[in-house]
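These exercises ask you to read strands, hairpins and sheets from a structure.

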Amino acid sequence: MRYLRRIFAPSMLLILALGPLAACAPTRFEDQAGEVKPTEATRPPDLAAGPVTRITHADVVNTGFGEAVDVSGDTLVVGASDWNGFPGGQQYGSVYVYQRVGKEWGRQVRLMSSDGQDGFQYDQHFGRSVAIERDTIVVGAPDADHPTAGDNTGAVYVYRRAGDAWEEFAKLEAAEPRPHERFGNRVKIDGDTLAIAGDQDDALYVFTWDGRAWIQQARLSFSLPPASDGRQVSLALHADTLAAGVGSFPFDQGQDSTVFVFQRKGDSWTESARLEGKQDFGVSLALGASPAAQQGQADTLAIGADADSSAGLYAGPVYIYSRQGNGWKEQARLAAADAMMDLAFLANNTFFGCSVALQGNLLLVLPRFSSTVYVYQGQGANWTDQLEVIFDGLGEPEAWPIAIDGSTVVEGTPGEFGNSAHVFEIFSQ
């Protein structure tokens with residue numbers, strides 16, 4: 001069953017149950033003693049969502065289909081890194097590209113790496129990460145091997161649109177590939193800038209398009225926590241601002257996590273901030289720019305901390321930071337208003353914030369173990385919860401991805417009971 005429901009103010013019991021985090025929940029525009037009701041000029045317009053379209057196919061079962069998604073205009077990409085389409089294949093991976101014509105989404109092509117069957121590669125996991133910007137698709141294959149550097153060095157493949165076809169244009173690797181670095185586990189693209197991260201090395205890579213080729217512009221170093229099965233790096237990129245969340249995820253109660261923020265000036269990148277937290281702080285990131293932002297700079301940063309227990313065991317908030325000069329300052333903490341109502345078997349454990357997406361004044365949040373997208377609208381310290389969009393799918397522990405471009409939202413639902421992507425539109429009423 002697919003539907004959406006409007007959020008109403010929580011009851012006093014719920015507010016008490018959420019404790020200190022509830023006190024920081026988004027302000028609601030209601031008539032209350034001592035408050036000034038916003039004028040229509042300052043009130044965010046009410047939002048609505050269109051029908052949810054589920055995209056899946058019989059041949060994507062148990063392929064990881066939906067573990068990575070992105071959208072640009074009328075083109076949608078979905079990763080399936082466990083795909084075994086070749087005889088004797090071992091998780092080569094593939095990426096599915098869809099095109100919207102009118103209101104319908106149709107599969108345009110399935111992409112595979114050019115060297116997936118070269119006799120050397122057997123488990124690239126091509127499609128573990130994807131990104132699209134207009135006529136460019138970027139695909140991460142973090143377990144690609146290097147003939148001299150060793151196993152799982154990782155690679156990123158870049159495709160360009162040529163009419164109705166997509167052609168592999170480049171294969172990118174670290175300038176000095178390292179075994180088990182898993183370069184390409186995360187990719188983000190914005191304009192002519194491409195950011196790439198692994199999850200077992202202490203570096204981010206930035207490539208830029210010079211009109212003819214993608215050139216490595218920078219290798220940015222940071223500190224990783226001790227090696228663990230849950231160690232991950234998250235990425236966000238907007239213009240000349242890049243953020244990376246580094247920690248041991250998921251559900252690590254003892255390990256500190258850090259979000260590193262870098263700023264580019266000219267061709268140089270410098271670290272501008274380190275934001276510290278615990279319990280999955282930085283498991284997801286999104287950068288955005290308000291109308292007041294300086295050119296080339298993001299001024300809003302959403303940080304998911306889905307295992308934060310300040311509002312209940314693993315309830316999780318999303319932290320909103322704003323740029324203050326050369327630094328960043330926490331402005332708000334957002335939590336699901338109905339945290340106590342979901343997942344009775346886990347009480348109020350919603351793992352809110354395992355995935356986030358930000359565009360302008362719209363923030364989208366996905367909890368773990370859920371099939372609901374929470375939609376907020378606002379800026380700075382003022383955010384209003386507008387919608388819950390509920391889609392088909394059973395809650396699983398994967399951190400499902402979410403992306404937005406314009407009014408189009410795509411959410412991926414991988415796993416045994418998922419194998420799908422969901423697309424819907426958000427618009428002002």
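**Exercise 1.** In which sense do strand β28 and β29 pair, and over how many bridges?

*Solution.* Begin with the conventions: this is a predicted model, in which local features need pLDDT of at least 70 and side-chain atom pairs count only at pLDDT 80 or more, while totals for chains, interfaces and linings use all residues. Residues are numbered from 1 along each chain as its sequence is written, and side-chain values use heavy atoms, with hydrogens and water left out. Strands are DSSP runs of E with at least two residues, numbered from the N terminus, and two strands pair if DSSP finds at least two bridges between them. Now locate β28 at residues 402-405, and you will find that β28 and β29 pair in the antiparallel sense over four bridges. Within this pair, Asp405 stands opposite Thr408 of β29. Finally, look at the hairpin of these strands, where two residues lie between them and Gly406 takes a positive phi near 65°.

**Exercise 2.** Which residues of β29 and of β12 are buried, and on which faces do they lie?

*Solution.* Buried means under 20% relative accessible area, exposed means over 50%, and partly exposed lies in between, with a 1.4 Å probe and protein chains only. In a regular strand the side chains alternate between the two faces of the sheet. In β29 (residues 408-413), six of the six residues are buried: Thr408, Val410 and Gly412 on one side, and Val409, Glu411 and Thr413 on the other.

**Exercise 3.** How does β12 pair with β13, and what lies between the two strands?

*Solution.* Start with the pairing: β12 and β13 (residues 193-197) are antiparallel and share five bridges, and Ile189 has Leu194 in β13 as its bridge partner. Then follow the chain through the hairpin, which has two residues between the strands, and note that Gly191 in the turn has a positive phi of about 65°.
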